[in-house]
Amino acid sequence: MKCCRLSELMQFSLNSSESQEGYAAWKEMKYSVAISKWNPLSRQNNSEAQNNLGVLYAGGFGVRQDYKAAVDYFKSASKTGLPSAQINLAVMYCNGFGVEQSNELALAWYSAAAANGIAVAGHRRDIVTNYMKSAEICAAQHLATQIMACNDAGHECECALRYG
């Protein structure tokens with residue numbers, strides 16, 4: 001099931017000035033500048049930079065398109081509860097880009113992103129459930145609860161990422 005086009009939902013994180021500078025460069029198709037802004041921050045475990053680099057790899061902007069690398073960046077950024085990374089990771093699982101396609105994991109990450117304020121994630125979550133059995137939905141909701149509990153407690157969400 002292709003639940004959306006990748007380009008429809010790739011969400012950037014723009015809370016820091018470095019992220020905003022990188023995004024401005026990305027909009028001007030100056031991808032090497034965006035990468036130069038985000039790479040050093042990513043190495044310092046900055047979740048915004050990790051998410052934004054994931055978007056570049058998912059879309060092949062200034063780098064060779066590499067879905068597995070994008071997923072790795074999104075997973076790293078999702079550990080801290082970054083909503084844009086959560087929806088991006090959901091998109092990857094929903095479509096099977098760089099990972100084995102999984103409606104359960106897509107639903108869990110869409111649910112987490114929706115709970116963290118990304119409205120379109122709630123809509124996509126509802127669409128995914130149309131393709132799932134009730135037991136799968138229950139398992140996905142349990143995982144989403146774990147993800148959100150980790151985020152609420154301010155812990156990196158290693159427990160949930162074991163499954164994602």
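At what angle do the axes of H4 and H5 cross, and within what distance do they come? Point 2 takes this up, after the overall picture.

1. Overall make-up. The model is a predicted one. The protein holds 10 helices and 0 strands, and its order along the sequence reads α-α-α-α-α-α-α-α-α-α. Of its 164 residues, 49% are buried. Among contacts with a separation of 6 or more, 57% join residues 24 or more positions apart.

2. H4 and H5. The axes of these helices cross at roughly 160° and come within 8 Å. Angles over 145 degrees count as roughly antiparallel, and H4 and H5 are therefore roughly antiparallel to each other. The crossing in which H4 passes H5 is left-handed.

3. Residues between H4 and H5. On the H4 side, the contact involves Ser47, Gln50, Asn51, Leu53, Gly54, Val55, Tyr57 and Ala58. On the H5 side, the residues are Tyr67, Ala69, Ala70, Tyr73, Phe74, Ser76 and Ala77. Sorted by class, this contact of H4 with H5 has 10 nonpolar residues, 5 polar residues and no charged ones.

4. H7 and H8. This pair packs at an angle of about 155°, with axes 8 Å apart. That angle makes H7 roughly antiparallel to H8. H7 passes H8 in a crossing that is left-handed.

5. Residues between H7 and H8. From H7, the residues in contact are Asn103, Leu107, Tyr110, Ser111, Ala113 and Ala114. They meet Ala121, Gly122, Arg124, Arg125, Val128 and Thr129 of H8. The contact of H7 with H8 divides into 6 nonpolar, 4 polar and 2 charged residues.

6. The largest nonpolar core. This core has 40 residues, and those touching the most other members are Trp38, Met92, Tyr93, Trp109 and Tyr110. At least two core residues come from each of helix H2 (17-27), helix H3 (31-43), helix H4 (47-59), helix H5 (67-78), helix H6 (83-95), helix H7 (103-115), helix H8 (119-129) and helix H9 (134-152). H7 gives the most, with 8 residues. In soluble globular proteins, nonpolar side chains tend to be buried together. Tyr110 is also one of the H7 residues that meet H8.

7. Leucine 105. Is this residue buried or exposed? Leucine 105 lies in helix H7. Its relative accessible area is 12%, and the cut-off for buried is under 20%, so leucine 105 counts as buried. Its C-alpha atom is separated by 9.2 Å from that of alanine 139, a residue 34 positions away along the chain.

8. Methionine 29. This residue is placed in the loop between H2 and H3.

9. Asparagine 45. Here the location is the loop between H3 and H4. Phi of asparagine 45 is near 65°, again positive in a residue other than glycine. Asparagine 45 has a relative accessible area of 59% and is exposed.

How values were computed. Residues numbered from 1 in each chain as written. Predicted model: local features only at pLDDT ≥ 70, side-chain atom pairs only at ≥ 80, totals over all residues. Heavy atoms only, no water. Core = buried A, V, L, I, M, F, W, Y, C linked by side-chain atoms within 4.5 Å. Buried < 20%, exposed > 50% of the residue type's maximum accessible area, 1.4 Å probe, protein only. Helix = DSSP H or I, 4+ residues; strand = E, 2+ residues; numbered from the N terminus. Axes fitted to C-alpha atoms, helices over the stretch in contact; angles between N-to-C directions. Parallel < 35°, antiparallel > 145°, perpendicular 65-115°, else oblique. Left-handed = near helix turned anticlockwise from the far one by under 90°. Contact = heavy atoms within 4.5 Å. Nonpolar A, V, L, I, M, F, W, Y, C, P; charged D, E, K, R; others polar.
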